[in-house]
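Hi,

Here is the structure I said I would pass on.

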Amino acid sequence: MTNHLVSNRFVPIALAVVSSCLLTYCGAINLFPVSEDQRLGAQFDKEIKADTKQYPPYANATAKQYVQSIVDRIVKSPDVKYRGTFPYHVELIKDDGMINAFCTPGGYIYVYTGLLKAIDNEATLAGVLGHEIAHAERRHSTNRMTTQYGIQTMMDIALGKSADQNLQLAANAFTGLGLLQNSRSDEEEADDYSFKYLRSTQWFPGGILFFFDKVKGRGGSSIERLLSTHPLPQDRIDETNARLKKANVPPPTEAQLNTRAYTDFKRSL
Ligand SMILES: [Zn+2]
């Protein structure tokens with residue numbers, strides 16, 4: 001990804017974004033075009049699929065289709081912007097010790113069998129998937145890359161002042177899954193969007209709370225690894241509860257949890 005950043009096609013986009021942000025409030029500034037999220041995602045997807053030792057594929061077409069069908073329903077939410085642009089394609093990884101899922105920039109979703117087996121209902125899975133979709137939708141990786149490079153560096157690139165070696169150093173900091181390490185604020189935003197997306201579905205919008213319950217107080221290396229990509233301070237639990245309260249969401253019904261269907265699914269794994 002090193003030379004890509006200094007390609008001619010990138011420069012006008014960087015300039016355009018910077019100039020429009022000077023005039024209007026932009027919120028989190030992301031100087032990367034959406035195509036960069038797509039390119040990074042496709043690259044990660046390729047690397048992950050090639051590394052079958054670290055990411056052994058779980059060859060169960062029915063299970064994959066089941067998880068994919070939940071994703072397909074979530075991305076129909078009116079709050080999902082990049083439906084049709086990002087693939088939102090699911091792959092399952094066979095690792096029962098990993099209670100985790102992740103999403104690359106550009107929307108390639110990976111779910112560990114450890115997560116599928118640890119949770120008890122469909123709403124939990126939908127909550128986690130909504131959260132992962134939000135990381136791609138909110139473009140958290142390229143936002144962080146923008147912050148890391150710094151606006152000045154981006155301007156230097158645009159103006160042709162930056163030395164390639166410096167860029168190379170910065171780019172190296174983002175190789176591998178380091179890019180997927182989310183900040184606390186990214187986590188909170190992803191929880192918030194998971195809630196928003198799920199409100200347009202049949203599932204209880206606070207589904208991710210059940211996931212928090214599962215990992216809270218659990219030890220072991222798989223949880224440590226999970227927390228390295230998804231920090232879980234008490235605030236996230238409190239904020240999800242506050243969101244439910246503010247929206248006057250009643251306690252979930254069985255129809256919103258789909259525990260029975262999920263139990264059958266788990267037996268098939
Ligand atoms: Zn996350």
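Below is what I found, going from the whole chain down to single residues.

First, a caveat: this is a predicted model.

**The chain as a whole**

You are looking at a chain with 14 helices and 3 strands. There are 269 residues, and 37% of them count as buried. If you take the contacts between residues at least 6 apart in sequence, 77% of those join residues at least 24 apart.

The largest nonpolar core is made of 46 residues. Within that core, the residues with the most contacts are Val 71, Ile 109, Val 111, Leu 129 and Ile 133. Helix H5 (residues 122–137) gives the most to this core, contributing 8 residues. Leu 129 touches two others from that list, Val 71 and Ile 109, and it is also in contact with Ile 70 and Ile 74; neighbours within four places in sequence are left out here.

Two packed helices are described by the angle between their axes and the distance between the axes, so that is how I'll go through the pairs.

Take H5 with helix H9 (residues 184–199): they pack at about 120°, with the axes 7 Å apart. That angle makes H5 oblique to H9. The crossing is right-handed. On the H5 side, the contact is made by Ala 126, Gly 127, Gly 130, His 131, Ile 133, Ala 134, His 135 and Glu 137. H9 brings Asp 186, Glu 189, Ala 190, Asp 191, Tyr 193, Ser 194, Tyr 197 and Leu 198 to it. By type, the residues of this H5–H9 contact split into 7 nonpolar, 5 polar and 4 charged.

What about H5 and H10? Their axes come within 7 Å and cross at roughly 95°, which means that H5 is roughly perpendicular to H10. Here Ala 123, Thr 124, Gly 127, Val 128 and His 131 of H5 meet Ile 208, Phe 210 and Phe 211 of H10. The H5–H10 contact divides into 5 nonpolar and 3 polar residues, with no charged ones.

Leaving aside neighbours within four places in sequence, Val 128 is in contact with Ala 101, Leu 115, Ile 208 and Phe 211. Val 128 and Phe 211 are 83 residues apart in sequence, yet their C-alpha atoms are 7.4 Å apart in space.

**H10 and H12**

Helix H10 (residues 208–215) also packs with helix H12 (residues 234–246): the axes come within 10 Å and cross at roughly 150°. That makes H10 roughly antiparallel to H12, and the crossing is left-handed. Ile 208, Leu 209 and Phe 212 of H10 make the contact with Arg 236, Ile 237 and Thr 240 of H12. These residues divide into 4 nonpolar, 1 polar and 1 charged.

Most residues other than glycine have a negative phi. Two residues are worth a look with that in mind.

Tyr 88 has a positive phi, near 45°. This residue lies in the loop between helix H3 (61–74) and strand E1 (89–93). Is Tyr 88 buried or exposed? It counts as buried, because it has 24 C-beta neighbours inside 10 Å.

Asn 248 has a positive phi too, near 55°. Its place is in the loop between H12 and helix H13 (254–257).

**One more residue: Ile 48**

Ile 48 is in helix H2 (residues 34–50). With 19 other C-beta atoms within 10 Å, Ile 48 is partly exposed; buried would need 20 or more. Not counting residues up to four places away in sequence, Ile 48 touches Tyr 55 and Tyr 110. Ile 48 and Tyr 110 are 62 residues apart in sequence and 9.5 Å apart in space, C-alpha to C-alpha.

That's everything from my side.

Cheers

Definitions and conventions
Residues are numbered from 1 along each chain as its sequence is written. This is a predicted model: local features need pLDDT of at least 70, side-chain atom pairs count only at pLDDT 80 or more; totals for chains, interfaces and linings use all residues. Helices (H or I, at least four residues) and strands (E, at least two) are DSSP runs, numbered from the N terminus. A residue is buried if 20 or more other C-beta atoms lie within 10 Å of its own, exposed if 12 or fewer, and partly exposed in between; C-beta atoms are placed from the backbone. Two residues are in contact if their C-beta atoms, placed from the backbone, lie within 7 Å. Axes are lines fitted to C-alpha atoms, for helices over the stretch in contact, and angles run from 0 to 180 degrees between N-to-C directions. Angles under 35 degrees count as roughly parallel, over 145 as roughly antiparallel, 65 to 115 as roughly perpendicular and the rest as oblique. A crossing is left-handed if the near helix is turned anticlockwise from the far one by less than a right angle, and right-handed if clockwise. Ala, Val, Leu, Ile, Met, Phe, Trp, Tyr, Cys and Pro count as nonpolar, Asp, Glu, Lys and Arg as charged, and the others, Gly among them, as polar. A nonpolar core is a set of buried Ala, Val, Leu, Ile, Met, Phe, Trp, Tyr and Cys residues joined through C-beta atoms within 7 Å.
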